[in-house]
There are 2 protein chains.
Amino acid sequence: MEKLKKYVSVKHEDQFYHQGAVELLVFNFLLILTILTIWLFKNHRFRFLHETGGAMLYGLVMGLILRYATKVSDVESGTVYECEKLKSGPSTLLINVTNQVYEYQYKREISHHNVNGHQGNAMLQKMTFDPSIFFNILLPPIIFHAGYSLKKRHFFRNLGSILTYAFLGTAISCIVIGLIMYGFVKAMAHIGQLKGWEFHFTDCLFFGSLMSATDPVTVLAIFHELHVDTDLYTFLFGESVLNDAVAIVLTYSISIYSPKENPNAFDAAAFFQSVGNFLGIFAGSFAMGSSYAVITALISFIHLTKFTKLCEFPMLETGLFFLLSWSAFLSAEAAGLTGIVAVLFCGVTQAHYTYNNLSPDSKMRTKQLFEFMNFLAENVIFCYMGLALFTFQNHIFSPLFIFGAFVAVFVARACNIYPLSLLLNLGRKQKIPRNFQHMMMFSGLRGAIAFALAIRDTESQPKQMMFTTALLIVFFTVWVFGGGTTPMLTWLQIRVGVDPDEDLKAEAASQSASNMDKNTTKAESAWLFRIWYGFDHKYLKPILTHAGPPLTTTLPEWCNPVARLLTSPSAYGDRLKDDGTDYIINNDELTENHESSAHTPVPAQDRTGSTQATGKEDIHEGDLGLGGYKLQLEHTAGQPQKN
Amino acid sequence: MEKLKKYVSVKHEDQFYHQGAVELLVFNFLLILTILTIWLFKNHRFRFLHETGGAMLYGLVMGLILRYATKVSDVESGTVYECEKLKSGPSTLLINVTNQVYEYQYKREISHHNVNGHQGNAMLQKMTFDPSIFFNILLPPIIFHAGYSLKKRHFFRNLGSILTYAFLGTAISCIVIGLIMYGFVKAMAHIGQLKGWEFHFTDCLFFGSLMSATDPVTVLAIFHELHVDTDLYTFLFGESVLNDAVAIVLTYSISIYSPKENPNAFDAAAFFQSVGNFLGIFAGSFAMGSSYAVITALISFIHLTKFTKLCEFPMLETGLFFLLSWSAFLSAEAAGLTGIVAVLFCGVTQAHYTYNNLSPDSKMRTKQLFEFMNFLAENVIFCYMGLALFTFQNHIFSPLFIFGAFVAVFVARACNIYPLSLLLNLGRKQKIPRNFQHMMMFSGLRGAIAFALAIRDTESQPKQMMFTTALLIVFFTVWVFGGGTTPMLTWLQIRVGVDPDEDLKAEAASQSASNMDKNTTKAESAWLFRIWYGFDHKYLKPILTHAGPPLTTTLPEWCNPVARLLTSPSAYGDRLKDDGTDYIINNDELTENHESSAHTPVPAQDRTGSTQATGKEDIHEGDLGLGGYKLQLEHTAGQPQKN
């Protein structure tokens, strides 16, 4: 290690020098270690440590080593230079040092009290990521994957509840945490622990909003492995996915809330502007994300229809899919919206429409690609969290604040889940049982999003205190709650070993094609949702995919010429293939494995589909194909156990 | 565009600002356009424009637009500031500007005459990548993919010829280009076109070495599509893969060649030091790359042997494979070696050993992942080349130098191919025919590596002139020679429509298991190669993979206890499964498509393998399984034409 470091510093002037090779190597090493450990654990069916927990643990150990085993060096970089000629910080700075011109790139603004943190250990400094890396590189694949792997049928069945938990619940959580923390901060100020730092109610709300982003990745992985009740899985997954988006936009809106006069007094104008900002950014990001997905769906649809041979190039399809999804993120960022939220809704829409148009090979490729990116990004973030506890140099540990935060987080989670479940049960035919509510309460883990939001701004002392506290809460919840999931499931007597596809198929079998659109909304029958579902099924799906009824039957008669133009010939024969889209999901390898082998029969089925496209009206052929598929699925899923 | 730009500059101070969103969006847009065009072209079987050529064309157009349609702004960044207090350029600079501290990151050193190029158009400046991005992000996946997809059997059969072309040929090419260019430079100096710039013979050699990296990606794609003669394909592919490594290390060695006194005179000590550097770096990078691959092979081997259930987690396997391969690159960089060369040999070794240990699902995943990364990186580089013609601000167009370079490149290619072929034909049983030689001469395209090597250093005027010239040569060769491949194949009457697997299988069928290791070296029978092959087949393969004969039969009797420990039980039954490794390859989607469906029977076959592991000595079962596989392959390969 030391030797490598020396090499790097010797070669500093060399044009062939690779910046950050050693640091990246440290991360690679940690990830390799994590994978090997998890491999071992999975083999022995240890479920108390998920890979994210393991990554965090190894990061912690490595951080400890880096902190106390490396020497302080590179003192030069801590000195502040005066520059009278500059009026503002330009993006690129050219500096003449003893007749050589050096180019410097603007990085960020630093508060005076933090200058010390930039002195000293160069290795620790190098191991510190730019916070924008989280938002621009690591989080997008995670969030997109979450959107893309949403179990759509179950998700839409419980949409009302999920939206309530995600929007109302996050708002409640944010306000409750904010209020409790404000009490603690007042108390701290009273006993003189705040050292005169400014700490407004908006700061407390800011902390509340960032701590409201739940990330039950550990819990969901175990749920998936144990095949826990699908509705509970969907509640938690859907809530955590949407709640990330809400928390991110909420944090942003609060951070730009700027009352004109007294920052402690309530300023109605500024408040409504913040609410307006929240709604504007959320809606804008939603629109941006879904419109890119619609473009992708249209392109892949046109290609599939006009040039049937093009499914022979899955690489091009995958590339297009990837690039357009990334463009959704970039466009939103460039337009001043929130890229992460855009990419989430892009993922959901891609899964809903584009996925149906992809060739079987591309379906698998896109799924595996995003799964892989998600896996790497997630583990890098959790590794980094472990590292940050020791390598971040501006920690402020305040026991009272930390204690307050723990209390606030749990109280806020309770104020979110129990009252809202009570409310929802009033309207739901199929009630949310008591043990589900307890499990959801228990699954309020904090993870990557809370961390990324907290590390984005660590300039002022209150923000540093928040960051330290957020980090500790993440550690605690991931290890303690994550590790306790399996015992908790047993204790709460929650049904495990449920086959989600069986669930769906039993339902699908009982319904005929005619009453399909009514039957799927069985669990919740909000009129708004019914209208959307009908619109989607009758118009959007036929336009954007090969699924759904042909437009010629759903549109009024005078639209027939347009309808014919927009309907692909194969749509006539594929009314029931819509169901095929329910098999996206699984961020776990086990199921992925049987999924990918189960997917094999699809090409054959698809070929039947394109034979139908030539004119046959053999409607139930597709359904029979699905039946065969199901059998195949069961067959292969059973085999790994025998090996 | 303008509106977006304004947004970004307004939000400059904002912590939520995403640097480079607009620029990345431009690239995304270009890539999407490229994919759509290529999709259209492939559908109509136009072969005169490969995706790389298309990417370059779109890049060119976009560069033109950016150059002439965007306004000059951000004048501040062109000013050079004096700083007397600084003695050297620290890696991080803290600057106090009107009571705010800004952090700046060291980027590079700039020559005084280039300061002007940094003034002016901020958009053009933003569109300019840091040259290190090529070497650290874009090239590694391309090079790894090349190594990983080497068609091993054909490659090893022709190893001698390929090594001759790659090492001796590249050296010849470098020296010939250097000499010719030196003549032209002398002439330029004579007529006063050099404006007093220093231009030594070593600079000419530097240009020679960077222009010696051939990149026939366009030609190979067409070869692959048309199923051109496998030996010709292997010559070109093998040569271009290895020649990249040679050219990179050669360029580096020449760039650090520093004679003590007169730079024009020959300094024997410095020369031998350069040769020593070349050999040291090459050997070191080779060792680094292959040792990481051996580690991967061992880990995957142990896991496969001890925990048979672990192939149920292809994601972990893929992650480990990816991270260890990347670590090879990073370790080499950190140790002052050449990461690209390390990653190339890592790829070759991974394909040779690790690939055999992977689960069928991981085989496909790793192949598709690297294929996808290769596809994106390649198109980004070619896009950027198009852009660079207009956005790079320090071009020096010197007609005489450009003319000289074109002459030199073609003469050097001829001096490489024809004499070496003559030499090789003396030793080869199966001669390299005249038309193959012409085709190889014609396929001397320059591409990504030459560009990346040229852009790495554009500080001095001679280097800028070289960069401009290299760029023009890349454009010319990719469009003219790339586009002319199909007519040239017809004109030279080169055999197309050859099935490489058929070729191999006909051969495999005619040979029994006993004389296998002799038979494969039919085309070339250098004793050194025979020894290596024997050693690899008898010892390395059994230790690192499940293929090859059991160690207990190949090692001397006294080693039996060790041999038993190192041999997996399944090795006894898998002597002939070795052949399965020949099906890695195909950077073309068409074949990928039938490949992935053809791969489907493999799990079943593998399961037979693990049943054998329980003790049966059913040696020829594996061979029969392969036969079934072959039938399946032909079956599916035939189908797409019928649809």
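These questions and answers concern a predicted model.

Residues are numbered from 1 along each chain as its sequence is written, and chains are lettered from A and ligands numbered from 1 in the order written. In this predicted model local features need pLDDT of at least 70, side-chain atom pairs count only at pLDDT 80 or more, and totals for chains, interfaces and linings use all residues, while side-chain values use heavy atoms, with hydrogens and water left out.

Reader: What percentage of the residues in chain A is buried?
Author: Buried means under 20% relative accessible area, exposed over 50% and partly exposed in between, with a 1.4 Å probe and protein chains only. Chain A has 643 residues. Its buried share is 62%.

Reader: Is Val275(A) buried or partly exposed, and at what relative accessible area?
Author: Val275(A) lies in helix H11, residues 268-306 of chain A; helices are DSSP runs of H or I, at least four residues, numbered from the N terminus. Val275(A) is partly exposed, with a relative accessible area of 31%.

Reader: Which side chain of opposite charge is nearest to Arg446(B), and how far away is it?
Author: Arg446(B) is found in the loop between helix H16 (434-442) and helix H17 (448-455) of chain B. It is buried yet has no salt bridge (a side-chain nitrogen of Lys or Arg within 4 Å of a carboxyl oxygen of Asp or Glu). Lys and Arg count as positive and Asp and Glu as negative, with His and the chain ends not counted. The nearest side chain of opposite charge is Glu239(B), at 8.0 Å.

Reader: Which backbone oxygen does the side chain of Arg446(B) reach?
Author: Beyond its neighbours within four places in sequence, Arg446(B) is in contact with residues including Asp215(B), Val409(B) and Ile473(B), where contact means heavy atoms within 4.5 Å. At 2.5 Å, its side chain reaches the backbone oxygen of Met211(B).

Key: Helices (H or I, at least four residues) and strands (E, at least two) are DSSP runs, numbered from the N terminus. A polar contact is a pair of N or O atoms within 3.5 Å; within protein, one must be able to donate a hydrogen and the other to accept it, and residues adjacent in sequence count only if both atoms are side-chain atoms.
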